[in-house]
Amino acid sequence: MTCYFNWSRYQPHQENIALMLGMGYAEGAEGAVSYSVFDPAWGLDFDILAEYAWNFRGAGPVHRFEEKWAQVRADEDVLEAIRWLDCAAKTKAYGILNYYVYTYPRPNKPCPRHYPEEPLAELADCGSDLELIAQAGKRAQQLLAGRTDELSRNLLAEAARIEAYGVFFDALRQIQEQIQASGSVDLDVEDAHAVLLEAMAIIEANKPAYMVPSYLRDLSVLYEFLLQLSSDIEQAGRGERAWAELRWFVAVPVAQRGIR
């Protein structure tokens, strides 16, 4: 899988591709097929698939191939940006943040699922992960800023989305901690709101047109939730809603409006 779920989350598959093609080579496989929706952001993964399929004995270790790839296809800044994104994707928190996995029904879970409440419940001890995710996304954007090639523009969109998830969930975690500690909130969600809107704008400007709707669907749920949360916090501040009654999920999110 070179970039499966790419419209929902960034995933590094370089080592997995090399491992699978190593097994294929050992067993005499005669071909390799990319299982994914094509996305230019995964240029490294597609090239690893090609190299290990056609030149397995000469490809060498993955990190060596990545360095050669950067010299031919991109440069050191692009490779460093990819490694920042990979670092974010390998944290404990990363795999539980993204909306898509919560669109599936599960036993003993409400339908629609309670998002972002479900992943938020698992993030109590993941503050450092969320900070790293946000930092990695921001650093990758700095490395890719101003570049106009297709690979860099699509990686820029991935970096913006990763930063938005990290900032969004870290803000929610801090709000919950404040409520538990003092029964009130003095944290403004506007920073998270701004980062999310910027990520959506970057995605719309840089991703292929056929991918934009699916990318924006998941982030639209986060956007709708932030609007709801801001309203709830304002009401609680005026004494019109108890702090304990802040709603932590959108009952019927925009991505599931057709489900009744």
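View A. Proline 112 is found in the loop between helix H5 (76–89) and helix H6 (117–121). Helices here are DSSP runs of type H or I with at least four residues, strands are runs of type E with at least two, and both are numbered from the N terminus. The model is predicted: local features need pLDDT of at least 70, side-chain atom pairs count only at pLDDT 80 or more, and totals for chains, interfaces and linings use all residues. Residues are numbered from 1 along each chain as its sequence is written, and side-chain values use heavy atoms, with hydrogens and water left out. The peptide bond leading from cysteine 111 into proline 112 is cis, with omega near 0°. A cis peptide bond also runs from tyrosine 115 to proline 116, with omega near 10°, and proline 116 is placed in the loop between H5 and H6.

**View B. Asparagine 108, a residue with positive phi.** Asparagine 108 lies in the loop between H5 and H6. Its phi is near 65°, a positive value in a residue other than glycine. The relative accessibility of asparagine 108 is 81%, so this residue counts as exposed. The classes are set by relative accessible area: buried is under 20%, exposed is over 50%, and partly exposed is in between (1.4 Å probe, protein chains only).

**View C. Tyrosine 215 and its contacts.** Tyrosine 215 is found in helix H10 (residues 212–237). With 0% relative accessibility, tyrosine 215 counts as buried. Leaving out residues up to four places away in sequence, tyrosine 215 touches Asn6, Trp7, Asp39, Trp42, Glu158, Arg161, Ile203 and Lys207; contact means heavy atoms within 4.5 Å. The side chain of tyrosine 215 makes a polar contact of 2.7 Å with the side chain of aspartate 39 and one of 3.3 Å with the side chain of lysine 207. A polar contact is a pair of N or O atoms within 3.5 Å; within protein, one must be able to donate a hydrogen and the other to accept it, and residues adjacent in sequence count only if both atoms are side-chain atoms.

View D. Aspartate 39 lies in the loop between H1 and H2 and is buried, with a relative accessible area of 0%. The side chains of aspartate 39 and lysine 207 are joined by a polar contact of 2.9 Å. Beyond its neighbours within four places in sequence, aspartate 39 has contacts that include Cys3, Asn6, Phe46, Asn154 and Tyr210. Lysine 207 also forms a salt bridge with glutamate 158, the closest N and O atoms being 2.8 Å apart. Lysine 207 lies in the loop between H9 and H10 and glutamate 158 in helix H8, so this pair ties together parts that are 49 residues apart in sequence. Lysine 207 and glutamate 158 are both buried. A network of salt bridges links Asp39, Glu158, Arg161 and Lys207. A salt bridge is a side-chain nitrogen of Lys or Arg within 4 Å of a carboxyl oxygen of Asp or Glu, and the structure holds 18 of them.

**View E. Two further salt bridges.** Glutamate 177 forms a salt bridge with arginine 173, with closest N and O atoms 2.8 Å apart. Both residues of this pair, glutamate 177 and arginine 173, lie in helix H8, four residues apart, about one turn of the helix. Glutamate 177 is partly exposed, with a relative accessible area of 37%, whereas arginine 173 is buried, with a value of 11%. Another salt bridge joins arginine 241 to aspartate 232, where the closest N and O atoms are 3.5 Å apart. Arginine 241 and aspartate 232 are both buried.

**View F. The largest nonpolar core.** The largest nonpolar core has 82 residues, and those with the most contacts inside it are Leu123, Phe169, Leu229 and Trp248. Elements that give two or more residues to this core include helix H2 (43–54), helix H4 (62–73), helix H7 (127–144), helix H8 (150–182) and helix H9 (190–206). H8 gives the most to this core, with 15 residues. A nonpolar core is a set of buried Ala, Val, Leu, Ile, Met, Phe, Trp, Tyr and Cys residues joined through side-chain atoms within 4.5 Å. Apart from residues up to four places away in sequence, leucine 229 touches Leu172, Ile175, Val189, Leu246, Arg247 and Trp248.
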